[in-house]
Amino acid sequence: MIRLEGSAALFQRALEVLPGGVSSPVRAFRAVGGTPRFVRRASGALLEDEDGCEWLDFVGSWGPLILGHAHPEVVAAIHRAAAAGTSYGAPCRAELELAELVVEAYAGIEQVRFVSSGTEATMSAIRLARAATGRDEIVKFAGCYHGHTDSLLVAAGSGLATFGTPSSAGVPVAQAALTHVLPLDDEALLREFLGRRGPRLAAVIIEPVPANHGLLLQRRSFLQTLRNETARFGIVLIFDEVISGFRLGAGGAAERFGVAPDLATFGKVIGGGLPVGAFGGHRELMKLLAPEGPVYQAGTLSGNPVAMAAGLKTLEILRLEAGWERLERLGEALQRRLDPVLKRATLPAQLVRLGSIFWLCLQEGEPPRSTERIDPAAPERYRHVFHGLSSRGVALAPSAYEVGFLSLAHQEADLERFAAALEAVLTEAATVV
Ligand code: PMP
């Protein structure tokens with residue numbers, strides 16, 4: 001029963017005053033159809049919407065909520081910080097402590113600059129790389145998403161793939177022309193391109209764990225080749241760890257694969273659910289930033305004390321409670337439960353997973369490692385799976401290309417519930433798709 005001011009009614013109102021009814025496009029459910037849920041509260045692994053319905057949540061606000069929703073200690077840290085002032089526009093102890101933590105955790109990072117989103121982090125890292133090299137052109141990989149700054153909105157992931165547009169309107173052609181797009185998983189092409197264009201390239205940016213167009217797990221050798229070839233031409237290698245940073249472990253994907261970038265960008269987990277982004281690298285590069293150097297970069301709310309407190313507490317809990325090890329085990333448990341269910345399904349389905357990041361990949365054969373290998377029929381299959389799970393109280397992201405996230409709030413019983421719901425849906429979907 002939809003109440004008068006339930007999600008459907010609120011969405012109708014929202015359509016009047018918010019473009020598409022939302023503040024960020026994938027939330028509008030265009031890829032799967034239906035009405036987005038208006039969430040009124042969330043706790044642990046559960047979301048409650050404005051109709052009073054509850055969902056077991058595997059979206060986790062698209063990645064930040066690694067401890068689950070409204071973790072009591074994070075909320076308490078936020079309360080304490082807010083009571084002491086919500087923004088100073090001046091340095092504070094919390095930003096220093098979070099910076100020290102990042103420097104200690106991530107190989108090759110000596111200094112960090114805080115911003116308020118992942119988009120700002122990648123945008124600023126690209127500017128820094130251009131200044132450091134005196135070059136303008138950059139390389140990104142098809143399917144990788146790095147936020148919505150102009151130069152990176154070229155062949156990006158998720159939302160754009162979902163809407164079937166290769167890039168955004170409003171991005172100047174001259175700007176996009178400075179961005180070259182290469183396919184993932186292709187060392188030969190990479191070598192050939194850098195051999196030709198290397199001396200003109202400022203940066204190569206990659207999600208070392210591409211998680212915005214499905215989960216396109218890369219071979220370590222591909223990342224290593226990227227490291228070697230960029231070093232050869234003096235190109236700044238940027239790992240966009242907005243999703244993978246502080247989720248796969250304290251040292252991110254760089255530690256996981258044993259390949260270190262020149263600059264790394266962060267977001268999501270580092271802010272514990274509040275708006276935080278960051279980028280960091282060697283002092284030699286970072287000292288080019290204003291006020292030390294000529295690269296201008298600033299933010300009214302950068303290093304915000306409340307956001308820093310949320311990030312610090314989140315990372316502290318992960319460290320003290322062996323969070324990353326527990327998430328690994330939880331990921332393995334999810335795999336053990338879902339694998340047999342997916343195997344029995346009559347539609348093609350497999351779980352692609354790294355640690356606590358997972359993707360329901362609805363196609364046959366080897367898991368894809370580049371966008372070209374994604375079966376165009378998968379989104380249609382996903383639509384059924386998404387709605388089937390939703391009607392059974394399990395929330396996955398409203399797009400076939402988005403990954404799911406486990407948090408420390410998920411219990412074994414939750415995984416069991418997910419598996420049972422999926423089994424029911426796949427049995428049902430077999431008759432539909
Ligand atoms: N980089 C990656 C890898 C991301 O996944 C995202 C957002 N999903 C961004 C950058 C942009 O971050 P934000 O949405 O905070 O601007």
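The crossing of helices α3 and α11 is left-handed, in what is a predicted model. In this pairing, helix α3 (residues 93-105) and helix α11 (residues 305-320) pack with their axes 9 Å apart and at an angle of about 40°. The two helices are therefore oblique to each other, since an angle counts as roughly parallel under 35 degrees, as roughly perpendicular from 65 to 115 and as roughly antiparallel over 145. On the α3 side the contact involves Ala-94, Glu-95, Glu-97, Leu-98, Leu-101 and Glu-104, and these meet Pro-305, Met-308, Ala-309, Gly-311, Leu-312, Leu-315 and Arg-319 of α11.

Helix α11 also packs with α2, and here the axes come within 8 Å of each other and cross at roughly 150°. That angle makes α2 roughly antiparallel to α11, and the crossing in which α2 passes α11 is right-handed. The residues of α2 that make the contact are Glu-73, Val-74, Ala-77, Ile-78, Arg-80, Ala-81 and Ala-82, while α11 contributes Pro-305, Val-306, Ala-309, Ala-310, Lys-313, Thr-314 and Ile-317.

**Aromatic rings**

The structure holds eight aromatic pairs. One of them is formed by Phe-58 and Phe-358, whose rings are edge-to-face, with 6.0 Å from centre to centre and 75° between the planes. This pair links distant parts of the chain, because Phe-58 lies in the loop between β3 (54-57) and α2 (72-83), whereas Phe-358 belongs to strand β12 (residues 357-361), 300 residues apart. Phe-58 is buried, with a relative accessible area of 0%, and Phe-358 is likewise buried, with a relative accessible area of 1%.

A second pair, between Phe-246 and Phe-266, is tilted, with 5.5 Å from centre to centre and 50° between the planes. Distant parts of the chain are linked here too, with Phe-246 in the loop between β8 (236-240) and α9 (252-257) and Phe-266 in strand β9 (residues 263-266), 20 residues apart. Phe-246 is buried at a relative accessible area of 0%, and Phe-266 is buried, also with a relative accessible area of 0%.

Elsewhere, ring pairs link Phe-29, Tyr-382 and Phe-386 into a cluster. Another aromatic residue, Trp-55, has the charged end of Arg-37 over its ring, 4.5 Å from the ring centre. Arg-37 and Trp-55 are both in contact with Ser-390, once the neighbours of Ser-390 within four places in sequence are left aside. Ser-390 lies in helix α13 and counts as buried at 15% relative accessibility. The C-alpha atom of Ser-390 is separated by 49 Å from that of Gly-195, and the two residues are 195 residues apart along the chain.

**Loop residues and backbone geometry**

The loop between β3 and α2, which holds Phe-58, also contains Ser-61 and Ala-70. Ser-61 has a positive phi of about 60° although it is not a glycine, and Ala-70, also not a glycine, has a positive phi of about 50°. Ser-61 counts as partly exposed at 40% relative accessibility, and Ala-70 is partly exposed as well, with a relative accessible area of 45%.

A further backbone feature is the cis peptide bond from Ala-290 to Pro-291, with omega near 10°. Pro-291 is found in the loop between α10 (283-286) and α11.

Another proline, Pro-367, is placed in the loop between β12 and α13 (378-391), and at 33% relative accessibility this residue counts as partly exposed. Leaving aside its neighbours within four places in sequence, Pro-367 is in contact with Gln-350 and Val-352. Pro-367 and Gln-350 are 17 residues apart in sequence, and 8.0 Å separates them in space, C-alpha to C-alpha.

| Residue | Relative accessibility | Class |
|---|---|---|
| Phe-58 | 0% | buried |
| Ser-61 | 40% | partly exposed |
| Ala-70 | 45% | partly exposed |
| Phe-246 | 0% | buried |
| Pro-367 | 33% | partly exposed |
| Ser-390 | 15% | buried |

Methods. Residues are numbered from 1 along each chain as its sequence is written. This is a predicted model: local features need pLDDT of at least 70, side-chain atom pairs count only at pLDDT 80 or more; totals for chains, interfaces and linings use all residues. Side-chain values use heavy atoms; hydrogens and water are left out. Rings of Phe, Tyr and Trp (its six-membered ring) pair if their centres lie within 6.5 Å; planes under 30 degrees apart count as stacked, over 60 as edge-to-face and the rest as tilted. Helices (H or I, at least four residues) and strands (E, at least two) are DSSP runs, numbered from the N terminus. Buried means under 20% relative accessible area, exposed over 50%, partly exposed in between (1.4 Å probe, protein chains only). A charge sits over a ring if NZ of Lys or CZ of Arg is within 6 Å of the ring centre and within 35 degrees of the ring normal. Axes are lines fitted to C-alpha atoms, for helices over the stretch in contact, and angles run from 0 to 180 degrees between N-to-C directions. A crossing is left-handed if the near helix is turned anticlockwise from the far one by less than a right angle, and right-handed if clockwise. Contact means heavy atoms within 4.5 Å.
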